[in-house]
Structure formats: C-alpha cells, structure tokens
Amino acid sequence: MSLENLVSVTFSDKELHQLAHGINAIKEVLLGKAINFAPEQREQYERIANQNKLIVDKAKSYMDQHLDWIPPFLDKEEFDRDYATQQQIETHVQLFENLSQQLIDTKTLIGYTNYSSALSFYRMMRYLAGKNEPGATSVYQDMKALFKKNGSSPDNIEA
C-alpha cells in the first residue's frame, strides 16, 4: 500500500531562475533603504499595533487640517514622507508575508511526507534485517543510529 502523497510540487530550472531573478530585483530596490535590526533593537522598536495605527492616522488627519497646531520641533514634511512610505511598505509586507507563509506551509507538507516515507523505508529495513536480507542489517543499524541522536526510539515510531 503506497503512502498518500499530500503534495506534489516541482520547480523547473526556468521557474527557479525566475524566482531568483525576482528576489534579486527586490533586493536591489531595497538596497540602502531597508533596515535590518539586531534582535534587541527589534524589541526596542516594536511594530505598532492596529490601535496605535489609528492614533497615527487620526494625528495625521488633524495635522493636515490644523498646521498651526503642529509643535515647532515636529518636522511635518518628514512625518508625511514617513507616513506615505509606511503605507507603501505595509502593502508589500502583507503580500510577502502571505507568499512566505505559502512557501513555509508547502515546505512543511513536503517535509512531512518525506519523513513519513523515510520512516516506512526504515521499518522495511528493520523487517528485512530481521529476515537476514543481505545488506539490510547495516542499512538498518546506520539509520537506527540517527534516531538515537535526536532522542527518539526508532523501533516505536508510528508515523
């Protein structure tokens, strides 16, 4: 009985080239513009939550209506540039997050099916080693050692 194949995806060389070319084009556009925080900086400058975005939007609206109320130390032109850029980036971030999640989910499913197939092969090697099939014992022992490294017991695996 064959295992159910949960996903069947392949990429042609042309498609992989297109992906790499597209990613490189994006990197080129972002070069010198995108920031890459250290982990402690990410904590310091957390993303603003939706409620805080509403506050920023409301403040922008009032600043646009009442220029004379803007504090003299606040650079309104810079605020407007940052506001517009943040809006532009947000649209692309959502798209990239969606695409990234699709790739992660596809990779996860492929990994799951590969691991299930590998376990089936391992069980077959265990069976063949028990039947003294020539060469099977060394393959079984070699694979069994891999399970000891990750702390699982290969002879009790259900998946």
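**Exercise 1. Which residues do ring pairs link into a cluster?**

Before we start: this is a predicted model, where local features need pLDDT of at least 70, side-chain atom pairs count only at pLDDT 80 or more, and totals for chains, interfaces and linings use all residues. Residues are numbered from 1 along each chain as its sequence is written, and side-chain values use heavy atoms, with hydrogens and water left out.

*Solution.*
- Step 1: get the rule. Rings of Phe, Tyr and Trp (its six-membered ring) pair if their centres lie within 6.5 Å.
- Step 2: look at the total. You'll find four aromatic pairs in the structure.
- Step 3: follow the links. Y122, Y140 and F147 are joined into a cluster by ring pairs.

**Exercise 2. Work out how α4 and α5 pack.**

*Solution.*
- Step 1: find the helices. α4 is residues 76-130 and α5 is residues 136-149; helices are DSSP runs (H or I, at least four residues), numbered from the N terminus.
- Step 2: take the angle. The axes (lines fitted to C-alpha atoms over the stretch in contact, with angles from 0 to 180 degrees between N-to-C directions) are 8 Å apart, and the helices pack at about 135°.
- Step 3: name it. That angle makes α4 oblique to α5, because angles under 35 degrees count as roughly parallel, over 145 as roughly antiparallel, 65 to 115 as roughly perpendicular and the rest as oblique.
- Step 4: list who touches (heavy atoms within 4.5 Å). Y122 of α4 is among the contact residues, and so are Y140 and F147 of α5.

**Exercise 3. Describe how α3 meets α4.**

*Solution.*
- Step 1: α3 (residues 50-65) and α4 have axes that come within 12 Å and cross at roughly 140°.
- Step 2: α3 is therefore oblique to α4.
- Step 3: the residues that meet include K60 in α3 and Y83 in α4.

Conventions. Rings of Phe, Tyr and Trp (its six-membered ring) pair if their centres lie within 6.5 Å; planes under 30 degrees apart count as stacked, over 60 as edge-to-face and the rest as tilted. Helices (H or I, at least four residues) and strands (E, at least two) are DSSP runs, numbered from the N terminus.
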